Amino acid sequence: MANLLDYLDWRGDLTLEQDPFNEVDNLILAELAFVDFQDIVPPPGGGKGVELRRAAESFFARFPEGEKIHMGVFVPDAVPDLLERMAASRRFGGMLLHGFADRLDVGRGEQFAAMTVETGDGALYLSFRGTDDTLAGWREDFAMACMPEIPAQKKALSYVEEIARQFPRRKLRLGGHSKGGNLAVYAGVFCPAAIQRRILDVWSNDGPGFHTDLLDLPQHRRIADRIHSIVPKSSVVGMLLEHEEDYTVVDSDQLGLLQHDGFSWQVLGPRFVTLRQVTRQAHLCDQELRQWVREMPVERRERFVDGLFAVLGASGAVTLTDLRRDFLKSTGSMARALAELDKETRDDLLQFLGMLFKSNLRLMLEGMQEEAAERASRRQNRKEREEEV
């Protein structure tokens with residue numbers, strides 16, 4: 001099977017005039033938001049856009065030739081490879097990049113980044129970065145479970161309004177991966193009706209959902225048929241909270257939580273390889289996590305999030321990379337911070353970690369069983385063909 005990189009090798013020579021924008025293009029532009037284009041791509045309202053191939057040259061010039069570029073613990077290291085192939089392709093190389101925004105407030109636990117891509121077919125793709133390597137970004141993700149609105153969602157809405165003013169007659173596509181998908185949907189739902197009418201599509205690529213009241217709003221109903229929710233077969237992140245019920249399930253060559261990586265999603269031509277539904281274990285994990293969140297009062301959820309990141313913050317780390325690198329040295333301070341939590345919060349934290357571990361183990365075992373069954377089926381088919389000959 002093929003993935004995003006194979007798609008660029010095979011179809012990168014086809015312009016959007018030859019082959020219109022599709023769901024795979026969407027994920028590619030969503031992943032592009034993880035590239036740090038600070039001082040390369042102008043901010044919103046900051047002037048003329050930069051051709052993607054020129055932006056790529058400037059980005060790679062920051063690193064010694066041949067050096068492997070590490071993107072962080074959960075951001076795929078394939079992103080620089082993706083950028084390199086995009087720059088070399090006819091399909092993406094000439095696209096113009098505008099409006100790069102990157103805001104991080106470690107103290108307040110806020111992280112937001114976005115960029116606008118002029119795709120060349122008369123439309124703009126507003127790409128919202130998902131959760132990056134920062135602990136602030138992950139804190140904001142967890143806050144989604146206990147707050148009706150998070151700072152990044154407000155910033156996403158402001159960003160859409162600012163770009164819409166900068167390009168007053170352009171059609172818009174909004175999209176992102178993980179938290180970026182959630183931000184795209186939020187901004188698409190709450191932007192003014194005049195901007196909503198300009199939106200072609202909103203793409204949530206394994207993005208977490210919302211509280212139920214958002215899905216019932218008239219603003220959501222106005223744009224619901226243009227929201228595309230895509231999740232891998234063993235999705236956990238994209239099934240959190242309430243989500244679009246009409247979602248597409250794609251195949252992945254990874255197991256368990258690793259299927260959240262968009263580079264593992266399987267591609268065939270201009271489409272993803274789709275399945276009828278998420279796996280049984282993914283559905284059970286979804287139900288278990290949703291019930292756990294629903295049964296916990298809002299104040300207790302807030303204490304849980306505060307407690308979790310008090311423990312992680314005791315390490316002195318700012319990013320997950322910092323945490324992994326200095327984990328052994330930090331265990332003492334983190335253990336002391338855990339012991340200082342009230343018993344209820346400490347028990348909630350340990351229960352949550354246990355649920356994630358068991359869920360991922362069940363998903364991986366289910367995936368291994370599926371792979372074994374597929375191998376057995378292929379062997380049987382091969383044997384039958386040989387007997388026919």
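Q: For contacts with a separation of 6 or more, how much comes from residues 24 or more positions apart?
A: Such pairs account for 74% of the protein's contacts with a separation of 6 or more, where contact means heavy atoms within 4.5 Å. Keep in mind that this is a predicted model, in which local features need pLDDT of at least 70 and side-chain atom pairs count only at pLDDT 80 or more, while totals for chains, interfaces and linings use all residues. Residues are numbered from 1 along each chain as its sequence is written, and side-chain values use heavy atoms, with hydrogens and water left out.

Q: Thanks! How many helices and strands are there?
A: The protein has 15 helices and 11 strands. These are DSSP runs numbered from the N terminus: helices are H or I with at least four residues, strands are E with at least two.

Q: And how much of the protein is buried?
A: Buried residues make up 53% of the 389 residues. Buried means under 20% relative accessible area, exposed over 50%, and partly exposed in between, using a 1.4 Å probe and protein chains only.

Q: Now the sheet: what is the strand order?
A: The order is 1-2-3-4-5-6-7-8-11, an open sheet of 9 strands with mixed pairing. Two strands pair if DSSP finds at least two bridges between them.

Q: Which strands stand at the edges?
A: Strand 1 (50-51) and strand 11 (274-275) do, each with a single partner strand, so one side of each is left without a neighbour in the sheet.

Q: What about strands 4 and 5, how many bridges join them?
A: There are 6 bridges between strand 4 (residues 123-128) and strand 5 (residues 171-177), and the two run parallel. Ser-127 has Gly-175 in strand 5 as its bridge partner.

Q: Which strands does helix 7 touch?
A: Helix 7 (residues 179-190) packs on the sheet and touches strand 3 (110-118), strand 4, strand 5, strand 6 and strand 7. Its direction makes about 145° with that of strand 5; angles run from 0 to 180 degrees between N-to-C directions, and axes are lines fitted to C-alpha atoms, for helices over the stretch in contact.

Q: Is strand 7 mostly covered or mostly open, and what flanks that strand?
A: Strand 7 (residues 227-232) is mostly covered, with 5 of its 6 residues buried. Strand 6 (residues 199-205) is joined to strand 7 by 4 bridges and runs parallel to it, with Val-202 opposite Ile-227. Another 4 bridges join strand 7 to strand 8 (residues 247-250), again in parallel, and there Ser-229 stands opposite Tyr-247.

Q: Switching topic, where do the axes of helix 1 and helix 2 cross, in terms of angle?
A: The axes of helix 1 (residues 4-11) and helix 2 (residues 23-32) cross at roughly 115° and come within 11 Å.

Q: Which residues meet there?
A: From helix 1, Leu-4, Tyr-7 and Leu-8 meet Val-24, Asp-25, Leu-27, Ile-28 and Glu-31 of helix 2. By class, this contact has 6 nonpolar, no polar and 2 charged residues. Here Ala, Val, Leu, Ile, Met, Phe, Trp, Tyr, Cys and Pro count as nonpolar, Asp, Glu, Lys and Arg as charged, and the others, Gly among them, as polar.

Q: Why does Thr-345 count as buried?
A: Because its relative accessibility is 3%. Thr-345 is found in helix 15 (residues 343-388) and, leaving aside neighbours within four places in sequence, is in contact with Arg-303, Phe-304 and Gly-307.

Q: Last one: where does Pro-168 lie?
A: Pro-168 lies in the loop between helix 6 (151-166) and strand 5. This proline is partly exposed, with a relative accessible area of 45%. Its C-alpha atom is separated by 9.6 Å from that of Arg-198, 30 residues apart along the chain.
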